[in-house]
Structure formats: structure tokens, C-alpha cells
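Student: Could you take me through one part of this model in close-up? I'd like to see the atom-level contacts.

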Amino acid sequence: MAKLSMISPSIIMLFFFHFSTTPATCKNNETDLQALLAFKNAIDHDPMDVVNSWNETLPFCSWKGILCSKRHQDRVVSIDLMSRGLTGSLSSHIGNLSLLRYITLQNNSFHGQIPEEIGRLRRLEQIEFSNNSFSGEIPRNLSQCRHLYYLNLIDNDLISELGSLIELEALGLSRNRLSGTITPFI
Ligand SMILES: *[C@@H]1O[C@H](CO)[C@@H](O)[C@H](O)[C@H]1NC(C)=O
Ligand SMILES: *[C@@H]1O[C@H](CO)[C@@H](O)[C@H](O)[C@H]1NC(C)=O
Ligand SMILES: *[C@@H]1O[C@H](CO)[C@@H](O)[C@H](O)[C@H]1NC(C)=O
Ligand SMILES: *[C@@H]1O[C@H](CO)[C@@H](O)[C@H](O)[C@H]1NC(C)=O
Ligand SMILES: *[C@@H]1O[C@H](CO)[C@@H](O)[C@H](O)[C@H]1NC(C)=O
Ligand SMILES: *[C@@H]1O[C@H](CO)[C@@H](O)[C@H](O)[C@H]1NC(C)=O
């Protein structure tokens with residue numbers, strides 16, 4: 001206790017100053033961080049140690065496959081995990097990455113449903129999920145992604161009616177068991 005009282009106020013000030021000036025760009029947005037950790041948790045098999053290397057030693061913007069916004073430097077805009085041999089499901093937390101624009105999971109073994117929450121991603125432009133094992137329905141909520149212009153779901157096990165998807169310029173839905181009609185607009 002006696003020792004503690006001898007630390008000079010100026011050292012304490014310096015200590016405080018040092019930490020209070022850490023640039024905001026080094027911080028992780030907590031929501032995006034939790035979403036990526038949930039994404040990692042839903043992966044059962046990662047033979048190339050890609051998501052296994054995602055830990056808080058590094059800010060998530062430096063994690064493999066993750067790109068952040070230039071303007072909002074603690075927010076995720078792209079996830080690119082093509083051909084990484086990943087097996088697992090896609091966490092519904094994906095819907096919390098509110099600035100996400102591109103997601104590429106092509107040529108892995110993702111199974112289960114594509115979570116409906118993906119429809120919350122207002123800025124989403126490209127979904128590349130070809131050559132996985134996604135099953136169930138294509139979420140109707142995708143129609144809420146007004147900027148989505150590329151959607152590739154080739155080689156999955158989806159069985160769905162497709163709602164009206166707006167602004168789709170490239171649409172890869174073949175080799176799924178689709179029923180229903182694709183809107184004439186598309
Ligand atoms: C993370 O970003 C979201 C969306 O902009 C914002 O609502 C939230 O407050 C941010 N969280 C933190 C801890 O900065
Ligand atoms: C954290 O990730 C880095 C690479 O991103 C790796 O070198 C390090 O071993 C990891 N640490 C733990 C505890 O997994
Ligand atoms: C698909 O991913 C596997 C690794 O899981 C890789 O060996 C293979 O070359 C990839 N195929 C293509 C066409 O990229
Ligand atoms: C993110 O999404 C999940 C499931 O979709 C939800 O349970 C969670 O509370 C959401 N919010 C945050 C801030 O992580
Ligand atoms: C599809 O996945 C299988 C099994 O992982 C792989 O062998 C094949 O190369 C992939 N094809 C394409 C076009 O990615
Ligand atoms: C579906 O999308 C709407 C509009 O973006 C959103 O408010 C809603 O939360 C989404 N539903 C789910 C289950 O995430």
C-alpha cells in the first residue's frame with residue numbers, strides 16, 4: 001500500500017493520456033466482433049486453420065478473409081472464404097454485420113439453412129454461396145436487400161420458391177431443387 005501511494009500523479013496522468021489517445025481505428029465494433037465470433041463458432045471443421053486463427057490478438061479487420069470499410073475502419077464490408085474446406089452452418093448473427101456488402105463462401109461445405117436474418121443487410125451487393133450444401137428455403141427476406149445484384153446458389157440443396165428479388169443482374173440458382181416461379185422482372 002505504501003508503495004502505491006508513492007506513484008506520482010504525473011505518471012498516472014501519462015498512463016491515462018496514453019490510453020485515452022489510442023486511435024478509434026484500433027477498436028473493434030462490438031456488434032461486428034460478436035457476429036464474427038458467432039460465425040466462427042458455427043464452423044465445425046477448418047482444415048486450413050482459417051477461422052481458427054480468428055482471435056482477439058489482432059483486430060478483426062486483419063483476420064483472414066475479412067475486409068473492413070475505409071470510412072468506418074472498425075466495420076466489416078466483406079467476408080471472402082472461398083475454397084477453405086470449411087464445414088459448418090452459417091450463424092444468424094451474420095444479419096448483424098450491417099455494413100456487409102460482399103460475402104463469398106463458394107466451394108466449402110456449409111449446410112443447414114441460409115438464415116433469414118441475412119435480409120437485414122441493407123447494403124448487401126453480392127452473395128456467392130455456390131458449391132456448398134445449404135438446404136431448406138431461400139430466405140424470402142433476401143428481397144429486402146435492395147442493392148443485391150449478384151446471387152449465386154448453384155450446387156446446393158435448396159428447395160424454395162423465390163420471392164421477388166430486386167436488382168439482380170446475375171442470378172445463379174440452377175442445380176438446386178427449385179419450385180415456384182421466378183418473377184418476370186428478374
Ligand atoms: C457498432 O456499430 C453499430 C452500427 O453502426 C452501432 O449501432 C453500435 O453502436 C456500434 N457499437 C459499438 C460498441 O461501437
Ligand atoms: C491468434 O491468431 C494469430 C494469427 O492471427 C496466431 O498467430 C496466434 O497463435 C493465435 N493465438 C491463439 C491463442 O490462438
Ligand atoms: C474447392 O476447394 C477445395 C478445398 O476444399 C480445393 O481443393 C479445390 O481445388 C476447390 N475447387 C475449385 C474449383 O476451386
Ligand atoms: C445479433 O444477432 C443475433 C441472432 O440473429 C441476436 O441474438 C443478437 O442479440 C444480435 N445482436 C447483437 C448486438 O449481437
Ligand atoms: C465443389 O466441391 C467439391 C468438393 O469439395 C470439389 O471437389 C469441387 O472442385 C468443387 N467445384 C467447384 C466448381 O468449386
Ligand atoms: C427480415 O428483413 C427485415 C427487413 O430488413 C428485418 O427487419 C427482419 O428483422 C428480418 N427478419 C429476420 C428474421 O431477421
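Student: Is Ser-69 buried or exposed?

Tutor: Quick ground rules: this is a predicted model, where local features need pLDDT of at least 70, side-chain atom pairs count only at pLDDT 80 or more, and totals for chains, interfaces and linings use all residues. Residues are numbered from 1 along each chain as its sequence is written, chains are lettered from A and ligands numbered from 1 in the order in which they are written, and side-chain values use heavy atoms, with hydrogens and water left out.

Now, Ser-69 is buried, with a relative accessible area of 14% (buried means under 20%, exposed over 50%, partly exposed in between, with a 1.4 Å probe and protein chains only). You'll find Ser-69 in the loop between β2 (66-68) and β3 (76-80); strands here are DSSP runs (E, at least two residues), numbered from the N terminus. The Ser-69 side chain reaches the backbone nitrogen of Arg-71 at 3.2 Å, and a polar atom of that side chain lies 2.9 Å from the backbone nitrogen of His-72. Leaving out residues up to four places away in sequence, Ser-69 touches Arg-75 and Val-77 (contact means heavy atoms within 4.5 Å).

Arg-75 leads us to the ligand: the residues around ligand 1 are Asn-29, Glu-30 and Arg-75, each with a heavy atom within 4 Å of it. A polar side-chain atom of Arg-75 sits 2.9 Å from an oxygen atom of ligand 1, while for Asn-29 the corresponding distance to a ligand 1 oxygen atom is 2.3 Å.

Conventions:
A polar contact is a pair of N or O atoms within 3.5 Å; within protein, one must be able to donate a hydrogen and the other to accept it, and residues adjacent in sequence count only if both atoms are side-chain atoms. Helices (H or I, at least four residues) and strands (E, at least two) are DSSP runs, numbered from the N terminus.
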